[in-house]
Amino acid sequence: MTLGINLVSPVSDKLDWECQKLKDKFPRTRDDVPKVPKPQECLLLIDGDVVKSSQKPTDVRSPIVTQDHPDEHLIIGRFEMASEQQAIQALEAAERAYMYGRGVWAKMSMDERCKRMESFADDLENKTDEIAELLMWEIGKTAKDARSEVTRTVAYIRTAIKEAKALVESESRWQEQKGVICQIRHLPVGVVLASSPFNYPLNEAYTTFIPALLMGNSVIVRAPRNGATPHFPTLELFAKHFPRGTIQLLTGSGREIMGALVGTGRIDAVAFIGTASSAKGLLKGAPNPQRLRVMYEGEAKDAAILLPDADISVAVDSCVSGMTSFNGQRCTAIKMIWVHHSQAEPFLSQLASKIDSLVPGMPWDENVKITPLCEDTKPGYIRELITDALAKGAHIVNGTGGRCYRTLCTLSILAPVNKHMKIWSEEQFGPVTPVAVYSDVQEPIDWVSQSEYGLQCALFGYDEALLGRLVDALAYHVGRININTPDQRGPDVFPFTGRGNSALGILNATEALKFFSVPTMVAAKTDDERSVKTLMALDKGDKCSVLFGAN
Ligand SMILES: NC(=O)C1=CN([C@@H]2O[C@H](COP(=O)(O)OP(=O)(O)OC[C@H]3O[C@@H](n4cnc5c(N)ncnc54)[C@H](OP(=O)(O)O)[C@@H]3O)[C@@H](O)[C@H]2O)C=CC1
Ligand SMILES: O=C(O)[C@H](O)COP(=O)(O)O
């Protein structure tokens with residue numbers, strides 16, 4: 001049973017959802033807003049053409065408001081609402097470009113595809129500031145984090161290029177087993193649909209569609225509603241670097257566009273990053289699920305578990321960074337903390353004091369850590385979670401917790417939490433973190449094991465016997481266990497995956513290249529000399545691009 005504790009850390013159980021201190025962080029009037037990017041139109045890219053939709057475009061509402069008009073979000077652009085018909089046009093263009101593997105891009109040598117991709121990455125890098133600014137204004141990432149989303153994406157493309165070349169290189173050889181000689185080549189699957197979440201709208205689209213493109217597929221990218229504009233500056237680059245129809249970019253209703261596409265049964269692979277319920281809704285429309293390749297990266301409820309001998313200052317620093325980065329809106333954010341009762345008081349008081357020292361403000365402010373939330377319903381949801389927990393025995397243990405003004409909410413630490421509270425099991429994906437107090441380490445082990453999620457887990461402590469026991473128990477429930485360090489996806493070369501509702505598939509360049517391709521064999525019997533001789537000849541000349549290594 002989780003324990004109650006006598007809290008001596010600040011306890012401020014009142015909610016202030018009209019917090020004046022937070023109101024003061026917003027620009028007073030439009031004149032005080034530093035520099036809104038020019039209204040951006042996020043158009044569609046279909047069959048190499050940048051086009052509009054016949055449906056009314058949607059305003060892009062920034063999470064920024066001004067003090068004199070607190071209920072009017074700044075409008076920073078518009079995105080097109082692609083119609084179902086346009087989604088199908090995009091599919092047809094992708095199919096034409098792929099042409100059963102005979103299209104220009106699919107047939108191109110890996111070397112040539114990599115050269116095109118390198119110049120695309122260079123051009124993308126030149127647009128870092130422009131894209132970062134849009135990310136900042138549209139989803140509220142700090143200027144630093146917005147920039148790092150773009151630079152990380154460029155670095156990922158370069159890694160994917162390197163890995164793609166290495167894959168082709170490793171396959172350029174004959175293998176022999178039990179009287180069979182063969183070459184194995186990873187060939188494209190066909191048309192790939194990629195959809196990214198709002199918290200990494202650029203990066204997590206690229207982590208899937210770039211490897212898919214490199215392997216010779218045609219792709220349809222669906223940008224999220226929050227996070228559409230950062231894609232706009234890239235449309236001209238897609239048109240410049242890739243053959244017509246190889247890549248389409250759509251914005252609009254995910255249910256309408258992606259639902260229509262998956263419903264045709266003509267999509268060969270889907271890469272979907274978002275919640276389990278959205279993935280379920282999307283995939284149930286697939287008429288032939290048995291032939292749809294699905295890469296799904298989903299929601300999570302990562303725990304930090306402090307063992308009795310945890311170094312509190314190490315654990316506090318890690319939890320602060322794990323809880324607060326992008327206001328807790330990361331799948332790898334620490335969304336539950338388990339602390340042994342012997343450490344609960346000092347841990348909570350140090351954690352509270354660090355969290356209270358974080359600076360709330362506008363994404364462009366220097367040293368800002370807490371920024372406005374871009375989802376309309378998020379502040380209300382956070383409030384609901386806190387109210388529910390308070391009613392069931394938890395407290396807000398940090399002095400600045402429980403405050404919000406419109407889209408800007410402070411981070412609240414709730415303790416001690418129990419299984420009757422919503423926040424015990426729901427993924428909060430925002431600025432509130434629950435802390436549970438345990439006496440027997442089996443309690444957090446059971447919590448992780450029984451969770452419907454299974455992304456990562458962070459363990460704090462040094463006792464070898466105890467750490468060994470936890471690693472052995474938890475390794476069958478999560479995709480990564482971090483020792484005395486917070487959860488994170490990177491470095492991007494390592495496999496990023498999980499279990500349960502958290503992942504189906506592995507999100508890194510090496511694995512994604514394989515996922516979006518089929519290892520295809522060309523084989524003959526070793527004792528059939530005439531066939532073997534013919535194959536060897538094909539391997540050297542230009543009569544067979546697959547064997548010659550074009551792909
Ligand atoms: N494991 C990982 O690697 C990562 C996981 N995530 C997870 O993503 C979530 C946050 O992202 P968020 O964007 O809010 O995710 P959502 O699942 O809420 O939304 C993703 C997209 O799905 C679309 N969608 C919803 N239902 C359907 C449907 N039935 N058919 C087709 N499309 C549908 C929505 O479009 P529309 O509303 O327009 O219909 C939306 O754009 C968190 O849970 C987070 O943990 C985030 C990053 C990485
Ligand atoms: O959306 C997420 O949270 C990411 O997949 C995690 O990436 P990060 O740990 O690098 O932020």
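Modeller: Happy to. Let's begin with a pair: the side chains of E125 and R158 form a salt bridge, 2.9 Å from N to O. E125 belongs to helix α4 (residues 110–126) and R158 to helix α6 (residues 143–171), so this pair links distant parts of the chain, 33 residues apart. Keep in mind that this is a predicted model.

Biologist: What is the general idea behind such pairs?

Modeller: Side chains of opposite charge can pair when their charged atoms come close. Here the cut-off is a Lys or Arg side-chain nitrogen within 4 Å of a carboxyl oxygen of Asp or Glu. By that rule the count comes to 26 salt bridges.

Biologist: Which residues are joined into one network by salt bridges that share partners?

Modeller: That would be E18, D71 and R406.

Biologist: What does R266 pair with?

Modeller: R266 meets E95 in a salt bridge, with 2.8 Å from N to O. R266 sits in the loop between α9 (254–263) and β11 (269–273), while E95 is in helix α2 (residues 84–98), so the pair ties together parts that are 171 residues apart in sequence. R266 is partly exposed at 35% relative accessibility, and E95 is partly exposed at 25%.

Biologist: And where do K52 and E41 lie?

Modeller: First the contact: K52 forms a salt bridge with E41, and their closest N and O atoms are 3.2 Å apart. K52 is in the loop between β3 (49–51) and β4 (58–61) and E41 is in strand β1 (residues 40–42), so parts eleven residues apart in sequence are tied together. For accessibility, K52 is partly exposed at 49%, and E41 is partly exposed at 25%.

Biologist: Let's move to the ligand. Which residues come nearest to ligand 1?

Modeller: Of the 28 residues around ligand 1, the nearest are R222, R225, R255, S278 and E427. Look at the polar atoms next. In R222, a side-chain N or O atom is 2.4 Å from an oxygen atom of ligand 1. R225 has a polar side-chain atom 2.5 Å from a ligand 1 oxygen, and for E427 that distance is 2.6 Å.

Biologist: How much of ligand 1 does the protein bury?

Modeller: Taken alone, ligand 1 exposes 920 Å², and the protein buries 89% of that. Ligand 1 sits in the largest pocket. As for its shell, α9, β11 and α10 (276–283) each supply at least two residues.

Biologist: What should I look for in the backbone?

Modeller: One joins A415 and P416, with omega about -10°, and P416 lies in the loop between β18 (412–415) and β19 (432–438). Another runs from G490 to P491, with omega near -10°. P491 is in the loop between β21 (480–483) and β22 (503–504).

Biologist: Which residues other than glycine have a positive phi?

Modeller: Two to look up are F429, with phi about 45°, and N484, with phi near 55°. F429 lies in the loop between β18 and β19, and N484 in the loop between β21 and β22. Buried means under 20% relative accessible area. F429 therefore counts as buried, at 12%, and N484 is buried, at 17%.

How values were computed. Residues numbered from 1 in each chain as written. Chains lettered and ligands numbered in written order. Predicted model: local features only at pLDDT ≥ 70, side-chain atom pairs only at ≥ 80, totals over all residues. Heavy atoms only, no water. Helix = DSSP H or I, 4+ residues; strand = E, 2+ residues; numbered from the N terminus. Buried < 20%, exposed > 50% of the residue type's maximum accessible area, 1.4 Å probe, protein only. Near = heavy atom within 4 Å. Polar contact = N/O pair within 3.5 Å; in protein donor to acceptor, adjacent residues only side chain to side chain. Areas by Shrake-Rupley, 256 points an atom, 1.4 Å probe, with all protein chains shown as cover. 1 Å grid on protein atoms, 1.4 Å probe; cavity = no way out; pocket = protein on both sides within 12 Å on 5 of 7 lines; lining within 4 Å. Sits in = over half its atoms within 2 Å of the grid points.
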